[in-house]
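Thanks for coming, everyone. I have one structure to walk through today. Please have a look at it first.

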Amino acid sequence: MRTYSEDIVKGTLYGLAIGDAMGATTEYYSQTSIKQMYKKRTDIIGKGWLNLYPGEVTDPTEITFCMCDALEKTFRYRGRSQYPKKLMNQFCQSLTEWYATHPVDMESCCHRVIKNCRGLDYTEWIHFSKDPDNTSNSNLFRCIPMMLLRLK
């Protein structure tokens with residue numbers, strides 16, 4: 001039997017992916033440019049600067065799913081002292097596996113960190129990623145799985 005919390009988790013993740021797929025077509029275009037090119041857009045049509053297929057998502061969604069993968073693979077350790085370390089190292093492993101698929105979209109900071117830190121402890125990833133010039137609002141996407149854990 002599904003619970004209300006399961007519906008919220010699924011709805012949140014589907015909404016995130018659908019919103020990303022819809023927005024990817026016009027990502028980095030001005031509102032004026034979008035209106036000139038598409039008039040009113042109500043379907044997921046793909047293309048855009050990444051030349052995506054309709055429904056294809058970009059890196060924030062894929063990285064969010066890497067965190068979901070890490071949460072699922074380390075769930076049995078929740079509540080134990082080693083959980084944070086196991087979770088973060090699994091997240092790094094999931095990112096490494098995603099990187100190996102040659103994703104169509106990846107922010108330069110993510111690319112640099114994953115390329116240089118594969119196989120290292122997550123603390124090295126954190127150290128390597130500290131660059132004040134690397135900021136992105138897509139970091140909010142990546143927090144969603146952690147927030148969903150708080151549901152009861």
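A word on the source. This is a predicted model, in which local features need pLDDT of at least 70 and side-chain atom pairs count only at pLDDT 80 or more, while totals for chains, interfaces and linings use all residues. Residues are numbered from 1 along each chain as its sequence is written, and side-chain values use heavy atoms, with hydrogens and water left out.

Back to Thr 58. It sits in the loop between α2 and α3. Is Thr 58 buried or exposed? Thr 58 counts as buried, at 0% relative accessibility. Buried means under 20% relative accessible area, exposed over 50%, and partly exposed in between, with a 1.4 Å probe and protein chains only. Leave out residues up to four places away in sequence, and Thr 58 touches Asp 20, Ala 24, Glu 27, Leu 50, Leu 52 and Asp 105. A contact means heavy atoms within 4.5 Å.

**The whole chain**

Now step back. The protein chain has seven helices and zero strands. Helices are DSSP runs of H or I with at least four residues, strands are runs of E with at least two, and numbering starts at the N terminus. Of the 152 residues in the protein chain, 33% are buried. Take the contacts between residues at least 6 apart in sequence: 57% of them join residues at least 24 apart. The protein chain exposes about 10100 Å², and carbon and sulfur atoms supply 56% of that. Those areas come from the Shrake-Rupley method with a 1.4 Å probe; for residues, only the protein chains shown count as cover.

**Helix α3 and the cysteines**

Next, α3. This helix covers residues 59–74, 16 residues in total. From first C-alpha to last, α3 reaches 22 Å, close to the 22 Å expected at 1.5 Å a residue. That expected span is 1.5 Å times one less than the number of residues. Buried residues in α3 include Ile 63, Cys 66, Met 67, Ala 70 and Leu 71.

How many disulfides are there? The count is zero, where a disulfide is a pair of cysteine sulfur atoms within 2.5 Å. Cys 66 is buried, with a relative accessible area of 8%. Cys 68 is partly exposed, at 21%.

**An aromatic pair**

Last stop: rings. There is one aromatic pair. The rule takes rings of Phe, Tyr and Trp (its six-membered ring) with centres within 6.5 Å; planes under 30 degrees apart count as stacked, over 60 as edge-to-face, the rest as tilted. The rings of Tyr 28 and Trp 49 have centres 5.5 Å apart and planes at 65°, so this pair is edge-to-face. Tyr 28 lies in the loop between α1 and α2, and Trp 49 in the loop between α2 and α3, so the pair ties together parts 21 residues apart in sequence. Tyr 28 is exposed, with a relative accessible area of 69%. Trp 49 is partly exposed, at 44%.
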